[in-house]
Amino acid sequence: MLSALDDARLSDITSSEASLRRFLHGLPGVDQVGAEARAAMLATRSIKTTAKQFAIDLAISMIDLTTLEGQDTPGKVRALCAKALRPDPSDRSVPRVAAVCVYPDLVATAKEALGAGSDVKVASVATGFPSGRTSLAVKEADTRDAVAAGADEVDMVIDRGAFLAGRYGQVFDEIVAVKQACARAHGANDDGAGAHLKVILETGELATYDNVRRASWLAMLAGADFIKTSTGKVVPAATLPVTLVMLEAVRDFRDAIGRQVGVKPAGGIRTSKDAIRYLVLVNETAGEDWLDPDWFRLGASSLLNDLLMQRQKMLTGRYAGPDYFTLD
Amino acid sequence: MAERLAVKKTYKLYIGGKFPRSESGRSYQVSDAKGRFLANAAWATRKDARDAVVAARKAYPGWSGATAYNRGQVLYRVAEVMEGRHAQFVDEVAAGEGVARGKAEKLVDEAIDRWVWYAGWSDKIAQVVGSSNPVAGPYFDFSVPEPTGVVAVLAPQRSSLLGLVSVLAPVIVGGNTAVLAASLERPLPAVTLSEVLATSDLPGGVVNILTGRVGDTAAWLAAHMDVNAVDLAGAAGDAEHARQLELAAADNLKRVVRAPEAEPEWTAEPGLERITAYLETKTVWHPVGI
């Protein structure tokens, strides 16, 4: 939909608030009815037997197993990490999840519980999650803390107030600053690469699909490695049409600029059926390149048990019960 | 005046307090004892059974946690609403079972009385089967009956209302929630009972009613890991089917109420066996003198 953007054109877009606004408002509008109809149509795809088995395992390997409650304790996080490493203790063929997602103060606990060199990553929310209503200095310090404690990925929230007021430059600069905070401070866990940055748009507060498209582009232009729908603290959280708009944005962004950005719907995805619908959406919108834990994640907690129950149902031929899986 | 068009009913399932269509969208014709069309009933299959178990599990904490007195009051209320549907039940029993009107009226009276009888046990069963146990130590030791969980009930195939009430009421009176597979050929009293339950104070999901071939749902319910007990009354007379269901139920150590060789005479005085079959005894040792 956009012609390729070279570096000169790119730096021109991001050079001032006015040019940024011109670019974002110049993006084509989203056909709301069309997006919702397409998402609903794709949701009716029937995925059965071996394809379903494949989809369930893929979905498990894409989960960011999340606990973001005020009542989180180190014990809870350790239990979550054990589950991340071995989702079903009775079945070693279940893949590991992609990451665990915790608050910054529990990153060190999670890192220790997962063990050094674990392929399960630790993601930390930061920047005054979930509202993001702190000064930039606090957001940077919050991010540096999480990265120094060993976070492999940082989930930041954008300032929705600034975005909705049209102060795109401010949102852009904050993302750039947080991205630098991810890269800069390594502390004891220096691996030279810094943390991946996921930018939470909190689409439930953005009101329109046009805003979702603009916020997606804004985050990607500012250097986001991932764009994420929601904090999970606002209803509605992730929905299929919103994710569709974001998947179109990452597809178009790669076509225009050549850099691939991941997508993470989070919040409200509780059943295997939901998860498989998202995978169908990814395949049909962004394409197969995104059907990989490096490029698509599902932020969830209770979803994992439902996937495990479905998996067991397919293997044993009888319906599984929640009594046989961990409570979390 | 022109002759009125017949209103031919197509009933639906009763799951989680709502009346959904069967997942497959199919239904089947229900005929009376002489083969004349009565209505269409939904044809439930395994996915409806799955949804019903989820609904029953969801309703379980609320229903089992309600006070026995409260459960009793709700069940009395159900009997009141049944009484209001008396004539409809009589029509359905007479047509479905092929009995005379007078006999059908007696059966319906008896079914409602049976429901009241079981409702009364709600806050009395603990006194009868619970106990305070003498022990050799400074402990107060007592045993109380607790509900088992989600119970799958295969309703009797022949006795469409009295048999139905006789297997359903004892399950829920103790605090269990139920998934009931109704009689294949005589499902209408069960459908009407679901309408009664939906309009009394029974919380949605405590009773879920599936119509259709028992063979389509029974095996899935018997093998379901989230079902805690199964009543095989509906498999009476089919020993091989009952045996297979018992085998499937063994996987998660379900409580099984075995299928009788032939369907019993439901007019016989009931005992407490059907209530206690779905109760588990919890014994507590409590130190005294501290």
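**Exercise 1.** Determine which residues of α8(B) are buried in this predicted model, and what covers them.

*Solution.* Helices (H or I, at least four residues) and strands (E, at least two) are DSSP runs numbered from the N terminus. Buried means under 20% relative accessible area with a 1.4 Å probe, protein chains only. By this criterion the buried residues of α8(B) are B:V214, B:D216, B:T217, B:A218, B:L221, B:A222 and B:A223. Seven of the 10 residues of this helix (214-223) are thus buried, so α8 of chain B is largely enclosed by the rest of the structure. The covering elements, in contact (heavy atoms within 4.5 Å), include α1 (46-65), β5 (150-154), β6 (177-181), β7 (207-210) and α9 (239-249) of chain B.

**Exercise 2.** Classify the lining of the largest cavity.

*Solution.* The lining residues divide into five nonpolar (Ala, Val, Leu, Ile, Met, Phe, Trp, Tyr, Cys and Pro), three charged (Asp, Glu, Lys and Arg) and three polar (the others, Gly among them). At least two lining residues come from each of β1 (27-31), α3 (86-97) and α7 (188-198) of chain B.

**Conventions.** Residues are numbered from 1 along each chain as its sequence is written, and chains are lettered from A and ligands numbered from 1 in the order in which they are written. In this predicted model local features need pLDDT of at least 70, side-chain atom pairs count only at pLDDT 80 or more, and totals for chains, interfaces and linings use all residues, while side-chain values use heavy atoms, with hydrogens and water left out.

Definitions and conventions. Buried means under 20% relative accessible area, exposed over 50%, partly exposed in between (1.4 Å probe, protein chains only).
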